[in-house]
Amino acid sequence: SPTKETKQLESQTIPTPQVIGEQTEATPTPPSNLQQVKVIRVIDGDTIEIEGGQRVRYIGIDTPETNGCFATESTNKNKQLVESKTIRLEKDVSETDRYGRLLRYVYMSNTLINEALVEEGYAQVYTYPPDVKYNERFLAAQKEARENNKGLWSSCQVTATSTPEPTSTLKQAISTPKPATPSQSSGGGSCKYSCSSPDRDC
């Protein structure tokens, strides 16, 4: 028969380890000593102009071009997030792109704007080595947005891609709205950069 000591051991419950907060799922803390700048204006969903007139192109993502499907929504969301605000910039490997725009990850408080735009369906992942520091995070955000039909994933005919491809091909896919969705319209204008080049931000 069980001894008194055995019964006492059987009656004891092993406490379950407690996880304080969401440490395992917490968003990584932005690096310290990042450059702080003020946003003068938002050009489109993935490009801004900062004080001094320098333009900044968000690393690792791509949004629809002007007049493309979901272009207006992406631009407006970017304005909501950063326009006239002080942001922080993080460099990866490259300093600038072929147009002289700074290539940066953009933070507003502790929010990585590049990732937030992808997560909510306002942008698509665009991987272009060697600037791939947060590529896995972006792909995970895109997977969630696509599975939940957020933003352009429900409004536009677009195919996800995780490997580099000509931006013009990506733009063409994003710019085509689904048949049931009225085409978006926004103000036109001439391109500051070559309209025949891969990245035709206007």
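Analyst: Let us begin with Ser 109, which is found in the loop between S6 and strand S7 (111-112); please keep in mind that this is a predicted model.

User: Why is Ser 109 called exposed?

Analyst: The relative accessible area of Ser 109 is 54%, and exposed means over 50%, so Ser 109 is classed as exposed.

User: How do you know that the span of helix H2 is close to what is expected?

Analyst: Helix H2 (residues 71-82) has 12 residues and reaches 17 Å from its first C-alpha to its last, whereas 16 Å is expected at 1.5 Å a residue, so the span of H2 is described as close to the expected one.

User: What makes the buried residues of H2 one face of the helix?

Analyst: The buried residues are Ala 71, Ser 74, Thr 75, Lys 77, Asn 78, Leu 81 and Val 82. Seen down the axis of H2, these residues fall within an arc of 160°, and therefore they line one face. Among the elements that the buried residues of H2 pack against are strand S1 (35-44), strand S5 (86-90) and helix H3 (113-119). After H2 comes Ser 84, whose phi is positive, near 65°.

User: Which residues does the cis peptide bond join, and what is its omega?

Analyst: The cis peptide bond joins Pro 129 and Pro 130, with omega about 10°, and Pro 130 lies in the loop between strand S8 (124-125) and helix H4 (135-147).

User: How many cavities of 30 Å³ or more does the structure hold, and what is the make-up by class of the lining of the largest cavity?

Analyst: The structure holds one cavity of 30 Å³ or more, and the largest cavity has a volume of about 50 Å³. Its lining includes Gly 60, Tyr 105, Asp 131 and Phe 138. By class, the lining has seven nonpolar, three polar and one charged residues; Tyr counts as nonpolar, Asp as charged and Gly as polar.

How values were computed. Residues are numbered from 1 along each chain as its sequence is written. This is a predicted model: local features need pLDDT of at least 70, side-chain atom pairs count only at pLDDT 80 or more; totals for chains, interfaces and linings use all residues. Side-chain values use heavy atoms; hydrogens and water are left out. Helices (H or I, at least four residues) and strands (E, at least two) are DSSP runs, numbered from the N terminus. Buried means under 20% relative accessible area, exposed over 50%, partly exposed in between (1.4 Å probe, protein chains only). The arc is that of the directions from the helix axis to the C-beta atoms. Contact means heavy atoms within 4.5 Å. On a 1 Å grid over the protein atoms alone, a cavity is a set of points where a 1.4 Å probe fits but cannot get out, and a pocket is an open set with protein on both sides within 12 Å along at least five of seven lines; lining residues have an atom within 4 Å of a point. Grid points are joined across faces, edges and corners, and a volume is the space filled by probe spheres set on the points.
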